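These notebook entries set out what I looked up in one structure.

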Amino acid sequence: MARTKEDPEWEIGFFESVLKRAPRYIDVIAILGGLYTKTGRLDGGLRMERRMVRLCPRDATAHYNLACLLALTDRRAGAMKTLRHAIELGYIDHDWRENDPDLATLHDYPEFQDMINLLKVILSSRPFIMPAVLDYDPLILAPRSFPPEFTAIQHEILALKKERNAVILAHNYQIESIQQVADYVGDSLGLSYQAQAAEADVILFCGVHFMAETAKIVNPGRTVLLPDMDAGCSLSDSCPADRLAAYKTAHPEVYVVAYINCSAGVKALADVICTSGNANKIVERVPADREILFVPDQNLGQWVSQQTGRPMKLWPGSCYAHVQFTTAAIEKIRLQFPDAPVVAHPECVQAVRDLADEVCSTELMVKFARESPAERIIVVTESGMLHRLQKDVPHKTFIAGPTNTCACNDCRFMKMNTIEKVRDALKTLSSAIEMAADVRTAALAPIQRMLDWSKL
Ligand code: 13P
Ligand code: SF4
């Protein structure tokens, strides 16, 4: 039989090959899990659901799906535990019924009925049809008299930092306790300059993998540590280097502008790198007769194209976190705070960007907050940004941009770094970023071009 896209075997083969190249691509993990289960390969389905829960430790639906697969494969005790966890995480989907056939093997557990009862109580306190935007209290960071005092573990980190001759660079999305012990907190552009200029023996990079990798590329003589090597980025994963290489082979004339949120392998194939802080400036410098391919973020690329008037081909990638902001949720919060302007990150979809008073990188959000006459500002990006704003513009109030289901929006990858992992990284000097010398050298050229163009 000829293989077609409707053939589940073809689909499984296709998605398995995508997952090999992008092992953290959660959309593909979900599709593959579904396909395995549909075709009776329950162990494969289980593997995918376990991977999903590892990547999304606070995702209630992922836990529910894992519980179903555990029940279906007769791992009943694990299924019960996972189901309880799903409910604790807020799994209140109406599809979760006591009659769900996937959970049939759990019915003789006495606690199963307890869980059904608990769920009924939760459901009875909510309308049956969930509104498009849930009713939650907004997350507001108001001016405060003093920042939180340093904890014992933070003091330990400061001592270890000295002992190891280390510098801590942290992205604006990190948790507040990490931002507090950092020598520099900023956006991807500022962090790249800081990494290149660092003279300490060790750079402890509190951000995600592509950021630490960039630090290693621009300053290879230092030991660059990342507190959690699994802190990846869905956007970076959406553009595997071999697919970009295949595109370039088919279109050798193309000029590749790569957003810094990509792997070293992709950077090595790019002509120039950009960040959200300098993307317009960089694109404006690309020779006018060259056709541009912008990778991997279609939303940032679309925004840059609109700002500069430069047509560009866009790679179909996006940030899983920023695309969760919706016009309905932003309009709702605006009604609650009519005096507050909205500042949004360009990784948001166009409809959300169109609602914003200002669209800019995280660092430029600080400038906007300082210069705006408004006392309250709605910040449509990852919630860690609010800590940076509260520190630098302490007399103003910041309201987290909401999604349809939550008052704020965390990047699960950024939040994999914890204060304990920061301490342990300094203690053990692991995990260090390593990469092949040829990739590093090839990736440096387009980064350096960006750093040079950006200063002009
Ligand atoms: P910034 O460079 O604007 O900080 O953005 C980085 C990022 O990952 C946004 O999701
Ligand atoms: Fe990647 Fe989005 Fe997280 Fe930024 S917020 S690190 S783009 S997944």
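**Entries on loops, helices and ligand shells**

I began with Leu429, which I found in the loop between H20 and H21; helices (H or I, at least four residues) and strands (E, at least two) are DSSP runs, numbered from the N terminus. The model is a predicted one, in which local features need pLDDT of at least 70, side-chain atom pairs count only at pLDDT 80 or more, and totals for chains, interfaces and linings use all residues. Residues are numbered from 1 along each chain as its sequence is written, and chains are lettered from A and ligands numbered from 1 in the order in which they are written.

**Backbone entries**

I noted that Leu429 has a positive phi of about 50°, although it is not a glycine.

The peptide bond from Ser430 to Ser431 is cis, with omega near 5°.

I recorded a cis peptide bond from Val295 to Pro296 as well, with omega near -15°. Pro296 sits in the loop between strand E8 (292-295) and helix H15 (298-308).

Asp74 is not a glycine, yet its phi is positive, at about 65°. I placed Asp74 in the loop between H4 and helix H5 (76-88). Asp74 is exposed, because 10 other C-beta atoms lie within 10 Å.

**Helix pair H1 and H2**

Here I looked up axes, which are lines fitted to C-alpha atoms, for helices over the stretch in contact; angles run from 0 to 180 degrees between N-to-C directions. The axes of helix H1 (residues 8-21) and helix H2 (residues 26-38) come within 10 Å and cross at roughly 145°. Their crossing is left-handed, a term that applies if the near helix is turned anticlockwise from the far one by less than a right angle (right-handed if clockwise).

For contacts I required C-beta atoms, placed from the backbone, within 7 Å. On the H1 side I listed Pro8, Glu11, Ile12, Phe15, Glu16, Val18 and Leu19, which meet Val28, Ile29, Ile31, Leu32, Leu35 and Lys38 in H2. The residues of this contact divide into 10 nonpolar, no polar and 3 charged. In this count Ala, Val, Leu, Ile, Met, Phe, Trp, Tyr, Cys and Pro are nonpolar, Asp, Glu, Lys and Arg charged, and the others, Gly among them, polar.

**Helix pair H3 and H4**

Helix H3 (residues 42-55) packs against helix H4 (residues 60-72) at an angle of about 150°, with the axes 9 Å apart. H3 is therefore roughly antiparallel to H4; angles under 35 degrees count as roughly parallel, over 145 as roughly antiparallel, 65 to 115 as roughly perpendicular and the rest as oblique. H3 passes H4 in a left-handed crossing.

I looked up Ala62, which is found in helix H4. Ala62 counts as buried, because it has 26 C-beta neighbours inside 10 Å. Leaving aside neighbours within four places in sequence, Ala62 is in contact with Glu49, Met52, Val53 and Cys56.

**Helix H19**

How many of the residues of H19 are buried? In helix H19 (residues 385-392), 6 of the 8 residues are buried, namely Met385, Leu386, His387, Arg388, Leu389 and Gln390. Among the elements that cover them are strand E1 (140-141), helix H8 (176-181) and helix H18 (362-371).

**Ligand shells**

A residue counts as near a molecule or strand if its C-beta atom, placed from the backbone, lies within 6 Å of it. Around ligand 1 I found residues including Asn172, Asp187, Cys319, His345 and Glu347. By class, the shell around ligand 1 has 1 nonpolar, 9 polar and 2 charged residues.

Ligand 2 is surrounded by 14 residues, the closest being Cys233, Leu235, Cys319, Ala321 and Cys411. I recorded 9 nonpolar, 3 polar and 2 charged residues in the shell around ligand 2.

Technical notes: Buried ≥ 20, exposed ≤ 12 C-beta atoms within 10 Å, placed from the backbone. Contact = placed C-beta atoms within 7 Å.
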